[in-house]
Amino acid sequence: MSKHIAPRESEMSLAELRGDCARMAPHWVVPTKTATAPVTPSLIHGVTVPPASARLIDAMSEYGD
């Protein structure tokens with residue numbers, strides 16, 4: 001069992017976090033972008049929305065109101 005104890009989040013500084021991210025960045029692989037063709041509406045089927053979710057979305061105001 002390791003005797004290393006990870007610091008609590010509140011004890012980690014922003015500089016340490018940025019340093020950790022910089023060290024991990026070379027390990028991240030960026031997938032190649034592929035263009036996807038739009039799907040025609042006639043091919044979209046089988047999507048159901050529960051009534052409670054539909055009411056929730058319907059009750060939300062439009063962006064920028």
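Tutor: Gladly! Asp-20 and Arg-23 are separated by about one helical turn, because they are 3 residues apart in helix H1. Helices (H or I, at least four residues) and strands (E, at least two) are DSSP runs, numbered from the N terminus. This is a predicted model, where local features need pLDDT of at least 70, side-chain atom pairs count only at pLDDT 80 or more, and totals for chains, interfaces and linings use all residues. Residues are numbered from 1 along each chain as its sequence is written, and side-chain values use heavy atoms, with hydrogens and water left out.

Student: What do the side chains of Asp-20 and Arg-23 meet in?

Tutor: Here is the general idea: side chains of opposite charge can pair when their charged atoms come close. In this model, Asp-20 and Arg-23 meet in a salt bridge, at 2.2 Å from N to O. The term means a side-chain nitrogen of Lys or Arg within 4 Å of a carboxyl oxygen of Asp or Glu. The structure holds 1 salt bridge.

Student: Is Arg-23 buried or exposed?

Tutor: Buried means under 20% relative accessible area, exposed over 50%, and partly exposed in between (1.4 Å probe, protein chains only). Arg-23 therefore counts as exposed at 54%, while Asp-20, at 25%, is partly exposed.

Student: How many helices and strands does the chain have?

Tutor: The chain has 2 helices and 0 strands. Leu-43 lies in the loop between helix H1 (14–24) and helix H2 (51–59).
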